[in-house]
Amino acid sequence: MPPTDYLDWLRREGRIVVVGASLAGLRGAETLRAEGFGGELTMIGDEPYEPYDRPPLSKAVLLGRAAPHHTELPHRREIDAKWRLGVAATGLDIEARRVRLADGDEVEYDRLLIATGVRARPWPKEDEARLEGVFTLRTRDDAAALLRRLKAGPRRVFVIGAGFTGSEIASACREQGIPVTVAERAGAPLVGALGGVIGAVAAEMHRENGVDLRTGVMVTALEGDPVGRVRAVHLSDESIVEADVVIVSLGATRNTDWLTGSGLGAGPRGIACDAGCRAFDFRGIVTDDIFVAGDVARSPHALFGYQFLSLEHWGNAVAQAEIAAHNMISPSAERRPHLWVPAFWSSQFGVNIKSVGVPPMGEQIMITQGSLAERRFVGVYGHNGRTIAAVSFDNTRWLEFYQREIERGAPFPVEFPTVDRRPEGRVPVDSDFPDPALPTHGPMVTLSGYSPTDQQLVFHPARH
Amino acid sequence: MTQTSMLRQITDFANRANPYPLYEELRKTPVLHEEEDGPYIISTYHDIEALLHDPRISSDESNVTVGGDDELSGPEATGLPPSFIRLDPPEHDRLRRIANSSFGPPHRPHRIDDMRGQLEEIITELIDGLGDAREIDLVDQVAYPFPVTVICRLLGVPREDEPRFRAWVDPIVAGLDPDSRTAAESQRTAQEARLQLGMYLNGLVEQRTKEPREDMLSDLVHSSGPDGAMTTMEVLSTAVLLLIAGHETTVNLITNGMLTLLRYPQYLERLRDDPGLSVRIVEELLRYEPPVQLLPQRTCIADLEVHGVTIPKGSRIWFVLAAGNRDPHRFTDPDRFDPDRQDIQHLGFGSGIHSCFGAPLARLEAQIALARLAGRLDNPRLVEDPPPYRPNAVLRGPRHLNISVDGIK
């Protein structure tokens, strides 16, 4: 079949399978239908629920302002799909174009969209992780269970990790008067995402709101009582904190295990794809029929030196799913690149935090509006003489301007005056990100064979 | 220049009934600067949107360096400091936050929604009051008294004082009209009226200081959040702003709305059958006939380059919201009134940190007024089209809207 005929056939009666029934999966499916896909659509999701929204789970839900099981995502349109919910995908056969399911079923596809997202990284010591009172927070079931414990009035909540989720949890606890200890390996909260200058502001927010914040320490062990309930947390500074609820908030692990051995370029850092959302196989060759979107994707971004970015951002999931879906059923000349400028928000301790661009790329930061001391400001990050990112605390409405500055490669340092430029913001300072040269746990690829015709890449899965 | 400048044409009353062809012309020169000390006029959607988020744009009159100094503009001249609409951060943010703590989320998330019942009562009373007239002036009989009553109640200003404050509000509003020929004198009158209105409100403020009530004036007087309290002068400036902005714009929104619905009767009919359509109708009205046509009070605190034109620091800048709202590069078929439009991110309430403070109230008022009028006016017809307009080019709307009806239901 000539390519255009194939595409016509695909759009009319092809089979598209979406693995991952959360935000990206749903928006992708809706886009497929909106753009005229009339064939068979199957949605596979490991959770037993229709797509729901996750950001409220660490905010309104923990405060009791929204019910954990009522954060369904609004549907933009009918998608007329066959839903396979509560069944995880366990394998992929690229040649036969088949997805294997946990219940033994197999689903065939002509085009595949992978949007399996991430899961909470568990506490590495399994016996300790099993103690009653130890939680992670990613799903609505996690949120429901945690909410029940918070309502019961725990003596002390211990949060391991002061990233965004950990900080939001700590904030929700303090708002309800629950004693909280937060332990963070870095020197301050949010350091990985926003650097030490902003992290220092976040640390003040924690402390002013009554969080017992411990930085520069690691949790070495969780101690249980004789009946298997968590009782105390042991820290690397040899202190011990008694707590009856422990929330492990150590970031996320990408859901790519099911692709091990499939031949896709998938690993702990996600699934590599091109800017058009087509997945790479592990040899670095792009596939034609497998697309990726959302938290699990890793794609090159022209604005940021073509670095492969993987973004756990709500807005990215939507934008990337729309691009992926469009490209899945479009001829190559009509395909679009995913050029969304990274952006995320958080709300904690009564402060709205929003960021655009890629702050960790910025070696320097300057406060162009407002002041760190007042906790209302815009900070701009610079990289190689250009503006690469911005962050705002309670100043969201200005970020649109800085996004345009990032998009047009505006120079850094920012020289122009602004309506609220303070003396402290005139000179850039080191943004103070942790040393990126830490060992990673990525997969390894080695080369075998001696001549160009028999040279082969060999894929070694990562050891988690 | 042989032709009349665009600036003069915009302010020319002869163009008030339909300025949209002018705006179309205006958009052809996205940054229009006609006279040496005159404003830089920005008229395309994306430029307005971008510049309203640009931290080099200032609302503070003291940053204007061209066009002769206006010795009357400083606070010394009036005794009343500028309200937050004429301030930049951080002062703007602080005052607006305090005002908002008695108006909207997070502190008072239900204040406006809780007024729904009162709004329905007020509009019902006004429409009942039309009796069995066969001809009504929508402005004088409904569109004006409705928001006046609402803002009086919300702030805590006695409704019966309306004739008194009317005498001060009119010159203040006239002072917003950027007709440069009469600028100096109308500015002076406006400043004087603003002081008078402030003194009148001070009487109420003194009462509320002693005996707080359930109204915004009491809240402003007794504000004590993390931002501290407003000074008495700040309370007065804010109260003047809220009182005026709280009704002058809504009158036009409701009147422009009824006028438009009478010009597009299919939507009036649909609204009669489905009052819920008022939400979409009001959003589209804010795009199609925005009550605030242009923002003439901005400047820049650094040289700005827009489309290759350098706007020097201290220049006056106008944002013609109504032109941006009809920009074909942003909205398909922009000159068509289409409440079914999905893509409706209009500039009717501005954008950025100064975006309309009272928007949630204005929306609710217009939705309720238009839905009730559609439901109760029997066979309404325009008596004259176009209707007579108010002189103001900024706050544009009919002075009267005479409608004949077969009765009131």
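**Reading a two-chain model**

Mentor: Start with T71(A), which sits in the loop between β2 (40–45) and β3 (82–85) of chain A. Keep in mind that this is a predicted model.

Trainee: Is T71(A) buried or exposed?

Mentor: The relative accessible area of T71(A) is 7%. Buried means under 20%, so T71(A) counts as buried.

Trainee: Which residues does T71(A) touch, leaving out those up to four places away in sequence?

Mentor: They are Y52(A), D53(A), P56(A), L57(A), V61(A) and R140(A).

Trainee: Next, the interface. How is its size given?

Mentor: Often as the accessible area lost when the parts come together. Here chain B and chain A bury about 1600 Å² between them, and carbon and sulfur atoms give 58% of that area. H53(B), P55(B) and R56(B) supply 37% of what chain B buries against chain A, more than any other three residues.

Trainee: How many residues are in contact across the interface?

Mentor: On chain B there are 20, in contact with 15 residues of chain A.

Trainee: How many salt bridges are there between chain B and chain A, and which side chains meet in a salt bridge there?

Mentor: The count is one. The side chains of R376(A) and D227(B) meet in it, at 3.8 Å from N to O.

Trainee: Which elements of chain B supply at least two residues each to the side that touches chain A?

Mentor: α3 (45–52), β3 (57–58) and α5 (91–100) of chain B. Of the side that touches chain A, α5(B) gives the most, with three residues. By class, that side of chain B has eight nonpolar, four polar and eight charged residues.

Trainee: What should I know about a helix before I look at α5(B)?

Mentor: An α-helix has 3.6 residues a turn, so residues three or four places apart point the same way. In α5(B), the buried residues are H92(B), D93(B), L95(B), R96(B), I98(B) and A99(B).

Trainee: What do the buried residues of α5(B) pack against?

Mentor: Against α11 (216–221) and α12 (232–263) of chain B.

Trainee: How do I describe a pair of aromatic rings?

Mentor: By the distance of the centres and the angle of the planes. Over all chains, the structure holds 18 aromatic pairs. One of them is formed by Y381(A) and F433(A): the centres are 6.1 Å apart, the planes are at 45°, and the pair is tilted.

Trainee: Where do Y381(A) and F433(A) lie?

Mentor: Y381(A) is in strand β27 (residues 376–383) of chain A, and F433(A) is in the loop between β29 (429–430) and β30 (444–448) of chain A, so the pair ties together parts that are 52 residues apart in sequence. Y381(A) is buried at 0% relative accessible area, and F433(A) is buried at 19%. In chain B, ring pairs link Y264(B), Y267(B), Y288(B) and F337(B) into a cluster.

Trainee: Salt bridges again. How many are there over all chains?

Mentor: The structure holds 61. One is between E120(B) and R372(B), whose closest N and O atoms are 2.7 Å apart. E120(B) lies in helix α6 (residues 116–128) of chain B and R372(B) in helix α16 (residues 359–376) of chain B, so this pair ties together parts 252 residues apart in sequence. E120(B) is partly exposed at 22% relative accessibility, and R372(B) is partly exposed at 27%.

Trainee: What about D140(B)?

Mentor: D140(B) forms a salt bridge with R399(B), with 3.1 Å between the closest N and O atoms. D140(B) lies in helix α7 (residues 138–143) of chain B and R399(B) in the loop between β10 (381–382) and β11 (402–404) of chain B, so parts 259 residues apart in sequence are tied together.

Trainee: Last, the backbone. Which peptide bonds are cis?

Mentor: Two to look at are the bond from F412(A) to P413(A), with omega near 5°, and the bond from P89(B) to P90(B), with omega near 0°. P90(B) is in the loop between α4 (75–78) and α5 of chain B.

Trainee: And phi?

Mentor: F349(A), a residue other than glycine, has a positive phi, near 50°. F349(A) is in the loop between β24 (343–348) and β25 (351–357) of chain A, and is buried at 11% relative accessibility.

Note on methods: Residues are numbered from 1 along each chain as its sequence is written. Chains are lettered from A and ligands numbered from 1 in the order in which they are written. This is a predicted model: local features need pLDDT of at least 70, side-chain atom pairs count only at pLDDT 80 or more; totals for chains, interfaces and linings use all residues. Side-chain values use heavy atoms; hydrogens and water are left out. Contact means heavy atoms within 4.5 Å. Buried area is the accessible area (1.4 Å probe) that two parts lose on being put together, summed over both. A salt bridge is a side-chain nitrogen of Lys or Arg within 4 Å of a carboxyl oxygen of Asp or Glu. Helices (H or I, at least four residues) and strands (E, at least two) are DSSP runs, numbered from the N terminus. Ala, Val, Leu, Ile, Met, Phe, Trp, Tyr, Cys and Pro count as nonpolar, Asp, Glu, Lys and Arg as charged, and the others, Gly among them, as polar. Rings of Phe, Tyr and Trp (its six-membered ring) pair if their centres lie within 6.5 Å; planes under 30 degrees apart count as stacked, over 60 as edge-to-face and the rest as tilted. Buried means under 20% relative accessible area, exposed over 50%, partly exposed in between (1.4 Å probe, protein chains only).
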